[in-house]
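Q: I would like a close look at one part of this protein, with particular attention to its charged side chains. Please set that part in the context of the rest of the model.

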Amino acid sequence: MSASNELTGQVALVTGGASGIGAACARLLAAHGATVVIGDVQDDLGTAVAAEIGAPCSFRTLDVAREPSWTTVMDDTLARFGRLDILVNNAGIAGSGTIEDTTIQMWERTHAINLDGVFLGCKFAIAAMKRTGPGKPAPKGAIVNISSIAGIVGAAGPCAYTASKGAVRLLTKSVAQHCADKRYGIRCNSIHPGGIDTPIFNPLWQRVGRAPGKALIDAIHPIGHMGEPDDIAQAVLYLATDRARFVTGAELIADGGITSGIQRRTFGGAL
Ligand SMILES: NC(=O)c1ccc[n+]([C@@H]2O[C@H](COP(=O)([O-])OP(=O)(O)OC[C@H]3O[C@@H](n4cnc5c(N)ncnc54)[C@H](O)[C@@H]3O)[C@@H](O)[C@H]2O)c1
């Protein structure tokens, strides 16, 4: 899709925007006219991504697991731009561990970032999106939460990750219901990516090598390959725009077909 100006005048905050899917979202939203704030704990990388995108994109340090960090970034965003229209709750960590070998520390760390971070983001975004003013006469906005296919189906290995992403899926629907009930004009949807080629896979690449590791991940996608960060950014763009004005509380699966059924090739073509 070529760039448009359909988000001109709108302000977007992308958490975890220093890398991978978040950086792709920041690039695409900016290309479509949005003023973008990247919030991340990776200061150097986030600053570099913002510089590469150019004005009006900027970086702010944001630890999504910490409420005071949200207060700082949201106050700063509203002071600079006077509004927030789009929040992409994308920051997240992976990590492996079954129910038997996940420690309470791993569990709490994963949920602090992947779930508490989204909870705080939704709370702060709704408060900001309710603000009205010139050019924004009524509460309005779009929140997009990046869950995972691990929030749709269970996986034994990433126990804490799966639980956190499943909770994001239903938190999204609760937020959507609340905002609809209040007639806020704020929509909230979740996206469920399959395997996307980002640094989140670095631990696997380091263990088994990038080429053999990627071949393994490619093979579990019926479409034949893993996705690119822009594949998810395009879904975020859709949900962020008024083209999705009737879509709220929805889950958009972008997984190359993983969760849609049983792969024929798994059964040697017998099915
Ligand atoms: N890559 C995939 O295959 C895949 C699949 C499904 C879902 N996801 C989800 O997509 C999102 C983005 O992941 P990615 O693949 O781009 O990984 P990534 O590691 O490239 O990016 C994640 C970003 O989140 C940031 N982050 C981590 N903790 C943070 C915190 N406390 N506060 C603010 N920022 C923090 C990191 O610094 C990093 O920039 C995550 O929520 C992830 O769970 C990814």
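In helix 7, how many residues apart are Asp218 and Lys214, and about what part of the helix separates them?

A: The model is a predicted one. In helix 7, which spans residues 210-219, Asp218 and Lys214 are four residues apart, so about one helical turn separates them. Their side chains form a salt bridge, in which the closest N and O atoms are 3.3 Å apart. Asp218 has a relative accessibility of 15%, and because buried means under 20%, Asp218 counts as buried. Elsewhere, salt bridges with shared partners link Arg60, Asp76 and Arg80 into one network.

The count of salt bridges comes to 10. One of them pairs Arg243 with Glu6, with 2.7 Å between the closest N and O atoms. Arg243 is in the loop between helix 8 (229-240) and strand 7, whereas Glu6 is in the segment before strand 1 (11-15), so this pair ties together parts that lie 237 residues apart in sequence. Another salt bridge joins the side chains of Arg83 and Asp85, at 2.8 Å from N to O. Here Arg83 is buried, with 18% relative accessibility, and Asp85 is buried as well, with 5%.

The cysteines may be considered next. The number of disulfides is zero. Cys25 takes part in no disulfide, and the nearest cysteine sulfur, belonging to Cys57, is 12 Å away. Cys25 is buried, at 1% relative accessibility, and Cys159 is likewise buried, at 15%.

On the surface, Ile262, Phe267 and Leu271 make up a nonpolar patch whose accessible area is about 340 Å² together. Phe267 is located in the segment after strand 7 (251-254), and its relative accessible area of 43% makes it partly exposed. The largest pocket has a volume of about 1,400 Å³. Its lining consists of 48 residues, and those nearest its centre are Ile93, Ala94, Tyr161, Ile200 and Phe201. At least two residues of this lining come from each of helix 1 (20-31), strand 2 (35-40), helix 4 (104-129), helix 5 (159-181) and helix 6 (202-208).

Methods: Residues numbered from 1 in each chain as written. Predicted model: local features only at pLDDT ≥ 70, side-chain atom pairs only at ≥ 80, totals over all residues. Heavy atoms only, no water. Disulfide = S-S within 2.5 Å. Buried < 20%, exposed > 50% of the residue type's maximum accessible area, 1.4 Å probe, protein only. Patch = residues over 30% accessible without salt bridge, like charges linked within 9 Å, V, L, I, M, F, W, Y side chains within 5 Å. Areas by Shrake-Rupley, 256 points an atom, 1.4 Å probe, with all protein chains shown as cover. Salt bridge = Lys/Arg side-chain N within 4 Å of Asp/Glu carboxyl O. 1 Å grid on protein atoms, 1.4 Å probe; cavity = no way out; pocket = protein on both sides within 12 Å on 5 of 7 lines; lining within 4 Å. Points joined across faces, edges and corners; volume = space filled by probe spheres on them.
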